[in-house]
Amino acid sequence: MSLATVTVATEPPYPVRIGPAALEALPNAVASADRVALLADERVLDLHGASLAALGEVPTLAIGGGEDAKTLGKLGAVLEFLAAAGLARSSTLITFGGGTLADLGGLAASLFKRGMQVVHAPTTLLAQVDASVGGKTAINLSAGKNLAGTFHQPAEVLCDTSTLATLPAAERASGLGEVVKTALIGGEADLALLEAQADGLLAGDAAALAATVTSCVTVKARVVACDPTERGPRRGLNLGHTFAHAIEHVAGYGAVPHGVAVAAGIGLALRASAELGLLTDPALEARIRALLERLGLPADLSALRQSSGLALPVDELMAGFAHDKKGAVGRPEFVLVSGAGALELGVTLEVDLLQSLLA
Ligand SMILES: NC(=O)c1ccc[n+]([C@@H]2O[C@H](COP(=O)([O-])OP(=O)(O)OC[C@H]3O[C@@H](n4cnc5c(N)ncnc54)[C@H](O)[C@@H]3O)[C@@H](O)[C@H]2O)c1
Ligand SMILES: [Zn+2]
C-alpha cells in the first residue's frame with residue numbers, strides 16, 4: 001500500500017505521511033539535518049525498534065510513556081540529552097511513541113538552543129490522528145495537565161499504521177474517541193467514511209486504518225492551518241472536551257482513558273445541542289450514538305458509569321468544570337454541534353441544563 005501524504009499548510013508547510021510502511025521515509029525526513037537524535041518510548045522501541053533500522057546508529061533516549069513522561073524532570077533530562085549528544089539548531093530530534101512523547105519531545109525541541117527541528121513518528125492511534133499534528137507541545141505541572149507548553153510545528157510527521165497492531169485495547173478505544181470527534185468536525189463525507197470503515201477499524205484492517213488516519217489528519221490539518229495558535233476555529237477541536245476534562249478530573253486521571261471520556265463528552269454535547277434546538281439534522285444525535293456504540297465507546301454518562309464502575313456524581317462533575325483551562329474561571333465553555341461539520345463555539349450552559357445532562 002502506498003503512503004498518503006497530507007500537507008499542513010502552516011508557515012512553513014510540512015507533510016504528514018500515512019500508511020503501513022511510513023517509517024521507511026524516516027531517513028529522508030531527516031536528510032537535511034546535520035545530526036539526529038531519537039526520543040523513544042521504551043516499550044515502542046522494544047516492539048517496533050527494528051522499523052528504524054535504516055536510520056543507523058543515533059543517540060537515543062528511551063523513557064516510559066504515559067503522563068509520567070510529561071514532567072519538568074523529564075523535560076530537563078531530554079534537554080541534557082540533546083546537549084550531551086552535541087546537537088545544534090540545524091539538528092533534528094525524532095520522537096517515537098504516543099502523544100506524551102510527542103508533547104515532551106516537541107517542547108524540548110522548541111526550547112533547545114531556542115528551537116530545533118522535530119520529526120514525529122507517532123505510534124498510538126490518538127497521536128497519529130491528533131497529538132502529533134498541529135504543533136501544540138506541553139508538560140504537566142502539579143496544578144494541572146498541559147499547563148506549560150509552546151507552539152512548535154514539526155518538520156514532518158510519519159504515521160506508520162502498522163505500529164498500531166500492538167496497541168492495548170484501552171489505548172485503541174482512546175484513539176477511536178478522537179477519531180469520532182474529528183469525523184464529526186470534518187463533516188458528512190468524513191462521517192460516512194468512518195461509518196463505512198468501522199468494522200475494518202475494529203478488526204485492525206490495514207486499509208481501514210490508513211483511510212481513517214488520513215481522513216482525520218486532513219481535517220486536523222485544515223483546522224490548524226487556518227488557526228495555528230488556537231485563537232479561533234481551532235477551539236472546535238475541543239468538542240466533547242469540557243465534559244471529558246470534568247469526567248477525567250472526577251474519575252482521577254488515568255481511570256478513564258482520555259478518548260473514552262471524550263466519547264461520552266461528544267454524546268453530552270449532542271444532547272445539549274438537541275436540548276437547545278441547535279441541531280439542523282435531528283437524526284444526527286442518534287447516528288453518532290450508534291457509531292460510538294459500534295466502536296465500543298460510551299455515548300452518554302450512564303454507559304460510562306456502567307462500563308467504568310465509577311459513580312461520577314453530578315455535584316462532583318459540576319465542580320470538575322472549574323478545572324478546565326479553556327473557559328474563563330467559573331464559566332465553562334462548550335463546543336456544541338448544529339450539524340456534521342458545523343459547530344457552535346464558546347457556548348455557556350445554564351446550570352439547570354447542565355445538571356440534568358449530567359444526571
Ligand atoms: N499536542 C496535542 O495537540 C495533543 C492532542 C491530543 C492529546 N495530546 C496529549 O497526548 C497524550 C496522550 O497520548 P497517547 O494516548 O498516545 O498516550 P501515551 O503516549 O502515554 O501512549 C499510551 C500508552 O501506549 C503505549 N504505546 C504507544 N505506542 C504503542 C504501540 N504501538 N504498541 C503498544 N503500546 C504502545 C505507551 O507506552 C503508553 O503506555 C496526552 O498527554 C495528551 O495531553 C496532545
Ligand atoms: Zn483530546
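**Exercise 1. Contacts along the chain**

Task: In this predicted model, what share of the contacts between residues at least 6 apart in sequence joins residues at least 24 apart?

Solution: Take the contacts in the protein between residues at least 6 apart in sequence. Of these, 73% join residues at least 24 apart.

**Exercise 2. Overall build**

Task: Which radius of gyration would a compact globule of 359 residues have, and what does the protein have?

Solution: For 359 residues, a compact globule would have a radius of gyration near 21 Å. Now take the value of the protein, which is 20 Å. The two agree.

Along the principal axes, the C-alpha atoms fill a box of roughly 60 × 45 × 40 Å. Last, list the secondary structure: the protein has 14 helices and 11 strands.

**Exercise 3. Gly267**

Solution: Gly267 lies in helix H10, residues 258–275.

Now look at its partners. Leaving out residues up to four places away in sequence, Gly267 touches Arg289, Leu292, Ala299 and Asp300. For a residue it is set apart from, take Ala198, 69 residues away along the chain. The C-alpha atoms of Gly267 and Ala198 are separated by 18 Å.

**Exercise 4. H10 against H11**

Task: How are H10 and H11 oriented to each other, and why?

Solution: Two packed helices are described by the angle and the distance between their axes. The axes of H10 and helix H11 (residues 284–294) come within 10 Å. They cross at roughly 170 degrees. Angles over 145 degrees count as roughly antiparallel. H10 and H11 are therefore roughly antiparallel to each other.

Now list the contact. H10 supplies Ala263, Ile266, Gly267, Leu270, Arg271 and Ala274. H11 supplies Leu284, Glu285, Ile288, Arg289 and Leu292. By type, the contact residues are seven nonpolar, one polar and three charged.

**Exercise 5. The shell around ligand 1**

Task: How many residues surround ligand 1, and which are the closest?

Solution: The shell has 28 residues. The closest are Gly65, Gly98, Gly99, Thr124 and Ala131. Sort the shell by type: seven residues are nonpolar, 13 polar and eight charged. Then find the helices involved. At least two shell residues come from each of H2 (42–48), H4 (99–111), H5 (125–131) and H6 (169–186).

Definitions and conventions
Residues numbered from 1 in each chain as written. Chains lettered and ligands numbered in written order. Predicted model: local features only at pLDDT ≥ 70, side-chain atom pairs only at ≥ 80, totals over all residues. Near = placed C-beta within 6 Å. Helix = DSSP H or I, 4+ residues; strand = E, 2+ residues; numbered from the N terminus. Nonpolar A, V, L, I, M, F, W, Y, C, P; charged D, E, K, R; others polar. Rg over C-alpha atoms; globule rule 2.2 N^0.38 Å. Contact = placed C-beta atoms within 7 Å. Axes fitted to C-alpha atoms, helices over the stretch in contact; angles between N-to-C directions. Parallel < 35°, antiparallel > 145°, perpendicular 65-115°, else oblique.
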